[in-house]
Amino acid sequence: MASIISLVLGLIIIGILYKNMIAWEGSYRISRGQALLPVVLGLLSVPLSFVFFLIIGLTFKAVTGFVPTDGPALLASFNHALFSAALNEELAKLIITLIVLCIYRKKWRNVYEYMLVAGAVGFGFTLIEDFVYSMGLTGLLMRLPNVTVHMMLGLAMGRHLGLARYNKVTGRGSVVKEYLLAYFVPVLCHTIFDFFAANMLIHAGDNVETITPEIERTTYIGAGMVLIIVIPTFIFQFYIFRRLKKNAANLTALSFMDTNSADQKS
């Protein structure tokens with residue numbers, strides 16, 4: 001039941017936000033197909049990320065001799081955040097985003113629309129992930145406050161992808177740098193978030209018959225790490241989307257149409 005509630009709430013909250021984001025572009029907006037396709041294909045980024053999870057996990061074990069969740073709790077927390085979540089999930093979302101951008105390549109007009117696409121892929125990813133991981137009331141309450149995280153990571157990815165194209169058609173900056181940032185900025189932010197929010201310290205008392213004072217302290221530290229990232233991220237969401245609304249016109253002004261005659265004719 002909690003998974004269904006999480007799915008419905010995510011659909012409503014992010015759906016309303018996404019609709020508003022589309023409206024912030026101005027009078028001439030993306031089409032319904034352009035708006036819906038990245039959300040639908042974003043659903044597929046979850047199973048695709050699982051494929052990458054297996055590949056990265058097997059490679060990690062082949063190189064190091066152990067799995068990311070082995071070792072001291074803090075090291076395992078970092079390895080799990082990077083190698084079992086951030087790298088594979090952001091790669092899957094990047095590939096899906098690039099596919100959508102290619103499908104409608106001649107219709108995208110500016111950097112803001114690239115951000116909408118990648119954010120929408122994050123929207124689709126969130127719906128499946130929250131449905132899978134919101135087990136019980138505790139899982140629901142833990143995930144709901146940061147429901148827009150994948151969309152925000154997508155916005156960062158889309159901004160750099162858009163700037164890469166903008167730099168290419170205007171010759172004003174590095175294209176390669178922006179493509180690299182489109183992947184590694186979300187990976188870095190994702191790793192930091194998961195390192196705190198899904199740390200291994202909170203599981204110190206699992207499968208232990210006797211809870212010692214040391215184990216209690218460890219779990220309290222783990223719970224504190226969760227609060228350290230969850231509360232600021234919850235507040236940060238409001239700042240990001242208010243700033244996006246304010247800067248939507250400036251991002252829309254970073255247009256590919258003025259310098260790309262082929263796109264303009266389309």
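**The lining of the largest pocket**

Tutor: Happy to! At least two lining residues of the largest pocket come from each of α2, α3, α4, α5 (136-143), α6, α7 and α8; these helices are DSSP runs (H or I, at least four residues), numbered from the N terminus. Please keep in mind that the model is predicted, with local features needing pLDDT of at least 70 and side-chain atom pairs counting only at pLDDT 80 or more, while totals for chains, interfaces and linings use all residues. Residues are numbered from 1 along each chain as its sequence is written, and side-chain values use heavy atoms, without hydrogens and water.

Among the contributors, α2 gives the most to this lining, eight residues. The largest pocket holds about 1,200 Å³ of space. Its lining counts 43 residues, and those closest to the centre are His80, Tyr133, Arg143, Asp194 and Ala198. A pocket here is an open set of points on a 1 Å grid over the protein atoms alone, where a 1.4 Å probe fits and protein lies on both sides within 12 Å along at least five of seven lines; lining residues have an atom within 4 Å of a point. Its volume is the space filled by probe spheres set on the points, which are joined across faces, edges and corners.

By type, the lining has 24 nonpolar, 13 polar and six charged residues. Nonpolar covers Ala, Val, Leu, Ile, Met, Phe, Trp, Tyr, Cys and Pro, charged covers Asp, Glu, Lys and Arg, and the others, Gly among them, are polar.

The second largest pocket has a volume of about 600 Å³. Met152, Leu153, Ala156, Phe236 and Ile240 are the closest to its centre among 21 lining residues. Two or more of that lining come from each of α6, α7 and α8, and α8 supplies the largest share, eight residues. This lining divides into 15 nonpolar, four polar and two charged residues.

Now for the packing. The largest nonpolar core has 53 residues, of which Tyr18, Met21, Trp108, Met151, Phe241 and Leu244 touch the most other members. Such a core joins buried Ala, Val, Leu, Ile, Met, Phe, Trp, Tyr and Cys residues through side-chain atoms within 4.5 Å, buried being under 20% relative accessible area (1.4 Å probe, protein chains only). Its largest share, eleven residues, comes from α4. Setting aside neighbours within four places in sequence, Met21 is in contact (heavy atoms within 4.5 Å) with Tyr112, Leu116, Met151, Leu155, Phe241 and Leu244.

Key: Buried < 20%, exposed > 50% of the residue type's maximum accessible area, 1.4 Å probe, protein only.
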